[in-house]
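These are my notebook entries on one protein model.

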Amino acid sequence: MLVLTRRLGEAINIGEDITITIVDIDGKQVKLGVIAPRDVEIFREEVYDRIKEENIRAAETSSDELKKAAQIFKKNKK
């Protein structure tokens with residue numbers, strides 16, 4: 001892990017396309033501003049972890065469960 005020290009208003013660059021700026025410091029809380037291309041997804045770590053968990057659960061779904069869900073969807077669509 002790379003650890004950097006920055007002051008309010010200072011920034012770091014990741015590659016040519018991403019800039020992270022220290023926007024505010026209030027006690028132990030630091031607010032970051034992120035400039036990145038629109039195709040770069042940015043998530044807080046706890047949100048990203050939930051997304052990964054949901055994707056793992058979805059991948060574990062059996063084909064029988066998918067068939068049942070499709071049947072229910074077809075019935076409700078009519």
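Entry 1: I sorted the residues that line the largest pocket and found eleven nonpolar, no polar and two charged. For this sorting, Ala, Val, Leu, Ile, Met, Phe, Trp, Tyr, Cys and Pro count as nonpolar, Asp, Glu, Lys and Arg as charged, and the others, Gly among them, as polar. I note that the model is predicted: local features need pLDDT of at least 70 and side-chain atom pairs count only at pLDDT 80 or more, while totals for chains, interfaces and linings use all residues. Residues are numbered from 1 along each chain as its sequence is written, and side-chain values use heavy atoms, with hydrogens and water left out.

Which residues lie nearest the centre of the largest pocket? I listed Ile-12, Ile-20, Ile-22, Leu-32 and Val-34, out of 13 lining residues. A pocket is found on a 1 Å grid over the protein atoms alone, as an open set of points where a 1.4 Å probe fits, with protein on both sides within 12 Å along at least five of seven lines; lining residues have an atom within 4 Å of a point. The volume of the largest pocket is about 300 Å³, taken as the space filled by probe spheres set on the points, which are joined across faces, edges and corners.

I then asked where the lining comes from. E1, E2 and E3 each supply at least two of its residues, and E2 gives the largest share, four residues.

**Entry 2: the sheet.** I counted two helices and three strands, where helices (H or I, at least four residues) and strands (E, at least two) are DSSP runs numbered from the N terminus. The strands make an open sheet in the order E1-E2-E3, with antiparallel pairing; two strands pair if DSSP finds at least two bridges between them. E1 (11-14) and E3 (29-35) are the edge strands, each pairing on one side only.

Four bridges join E1 to E2 (residues 18-26). Across this pair, Ile-12 stands opposite Ile-20 and Ile-14 opposite Ile-18. Three residues separate the two strands in their hairpin, and Gly-15 in the turn has a positive phi of about 65°.

How many bridges link E2 and E3? I found seven, again in the antiparallel sense. Ile-25 has Val-30 in E3 as its bridge partner. This hairpin has two residues between the strands, and Gly-27 takes a positive phi near 65°.

**Entry 3: the whole chain.** Along the sequence I read the pattern β-β-β-α-α. The radius of gyration is 21 Å, well over the 12 Å that the globule rule gives for 78 residues, so the protein is more spread out than a compact globule. This radius is taken over C-alpha atoms, and the rule is 2.2 Å times the number of residues to the power 0.38. The C-alpha trace spans about 60 × 25 × 25 Å along its principal axes.

I also checked burial: 4% of the 78 residues count as buried (buried means under 20% relative accessible area, exposed over 50%, partly exposed in between, with a 1.4 Å probe and protein chains only). Is Leu-2 buried or exposed? Leu-2, in the segment before E1, is exposed, with a relative accessible area of 69%.
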